[in-house]
Amino acid sequence: MRFVHVADVHLDTSFAGRSEPVRRRLREASREAFRRAVELASESRRTGAGLACVAISVSGLDGPVPVGIAKAILARARASDITGRIGPASFAILASGIGQE
């Protein structure tokens, strides 16, 4: 499982302010996370398995709080889940095999 920060992608900032090797790793990780999300959605549609997307925003909190939330999400996510940081204090989880319960 990989935890990816994608805010720079959707804001089109190309991970400004980071060194080229770090920007390259972030771009690769973002592309891989997107590829996995597409595969998961396609598989879910093909098999009829449920698919859930959960977004969590804790805006207004800074410092160690978002880091603690990220660690809690990672600790509880399944290996098949896709987790990501989508903003400074916003997170998302894409999970397959989820029923309507």
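Tutor: Helix α2, residues 20-47, holds both E20 and R24, which sit four residues apart, about one turn of the helix. The model is predicted, and in it these two side chains form a salt bridge whose closest N and O atoms are 3.7 Å apart. E20 is partly exposed, at 32% relative accessibility, and R24 is partly exposed as well, at 39%.

Helix α2 also carries the pair R35 and E32; because they are three residues apart, about one helical turn separates them. Their salt bridge has its closest N and O atoms 2.4 Å apart. R35 has a relative accessibility of 36% and counts as partly exposed; E32, at 26%, is likewise partly exposed.

Another salt bridge links R78 with D81, with 2.7 Å between the closest N and O atoms. R78 is partly exposed, with a relative accessible area of 35%. D81 counts as buried because its relative accessibility, 5%, falls under the 20% cut-off. In general, side chains of opposite charge can pair when their charged atoms come close.

As for confidence, the protein has a mean pLDDT of 77, and 81% of its residues reach 70 or more. The lowest confidence is in helix α1, residues 7-10, with a mean of 48, and the highest is in β4, at 87.

How values were computed. Residues are numbered from 1 along each chain as its sequence is written. This is a predicted model: local features need pLDDT of at least 70, side-chain atom pairs count only at pLDDT 80 or more; totals for chains, interfaces and linings use all residues. Side-chain values use heavy atoms; hydrogens and water are left out. pLDDT is the predictor's confidence in each residue, from 0 to 100. Helices (H or I, at least four residues) and strands (E, at least two) are DSSP runs, numbered from the N terminus. A salt bridge is a side-chain nitrogen of Lys or Arg within 4 Å of a carboxyl oxygen of Asp or Glu. Buried means under 20% relative accessible area, exposed over 50%, partly exposed in between (1.4 Å probe, protein chains only).
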